[in-house]
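Welcome, and please get your viewer ready for a short walk through the charged side chains of this model. We will select a few residues at a time and see what is there.

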Amino acid sequence: MKFEERVWKLLKRIPKGKVTTYGLIARKMNTKGYRAVGNACRRNPYAPIVPCHRVVRSDGTVGGFGGKTSGKWTRKKTQLLRKENVEVKKGKIVDFERVLFKF
């Protein structure tokens, strides 16, 4: 299985109302390639069904969506998270540790 496919398979395990980080996914895959995880998320052809919007930065910052980092795409990702009852304030996940999904 390709690296990207392995990432997408893990993305499907993140429950609604939870988020995880690029680093936690990389660690689950026994690699330090958190940037490669980000690239796999960017190339996810199944979004948002395969929920790459549930992956955030390790400090709880939402970040971009679909490989785009402009405000428009950060807002899109924030909207998707809020629909799943993840609270976002000023671009960061509120109560990050509580909603953090660890594999």
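Is Asp95 buried, partly exposed or exposed? With a relative accessibility of 43%, Asp95 counts as partly exposed. Keep in mind as you look around that this is a predicted model.

Arg98 counts as exposed, because its relative accessibility is 52%. This pair belongs to a count of three salt bridges.

Next, select Arg43 and Glu4. They form a salt bridge whose closest N and O atoms are 2.2 Å apart. Arg43 sits in the loop between helix H3 (34-42) and strand S2 (55-56), while Glu4 is in helix H1, so the pair ties together parts 39 residues apart in sequence. At 40% relative accessibility, Arg43 is partly exposed.

Move on to Arg54 and Glu84. A salt bridge joins their side chains, at 2.8 Å from N to O. Arg54 lies in the loop between H3 and S2 and Glu84 in the loop between H4 and S3, so this pair links parts that are 30 residues apart in sequence. Both Arg54 and Glu84 are buried; for Glu84 the relative accessibility is 14%. Show what surrounds Glu84: beyond its neighbours within four places in sequence, its contacts are Lys16, Gly17, His53 and Arg54.

For the last stop, select Lys9, Lys12, Arg13 and Lys28, which form a patch of positive charge on the surface. Lys12 belongs to the loop between helix H1 (3-11) and strand S1 (20-21), and at 57% relative accessibility Lys12 counts as exposed.

Note on methods: Residues numbered from 1 in each chain as written. Predicted model: local features only at pLDDT ≥ 70, side-chain atom pairs only at ≥ 80, totals over all residues. Heavy atoms only, no water. Patch = residues over 30% accessible without salt bridge, like charges linked within 9 Å, V, L, I, M, F, W, Y side chains within 5 Å. Areas by Shrake-Rupley, 256 points an atom, 1.4 Å probe, with all protein chains shown as cover. Salt bridge = Lys/Arg side-chain N within 4 Å of Asp/Glu carboxyl O. Lys, Arg positive; Asp, Glu negative; His and termini not counted. Charge placed at Lys NZ, Arg CZ, Asp CG, Glu CD. Helix = DSSP H or I, 4+ residues; strand = E, 2+ residues; numbered from the N terminus. Buried < 20%, exposed > 50% of the residue type's maximum accessible area, 1.4 Å probe, protein only. Contact = heavy atoms within 4.5 Å.
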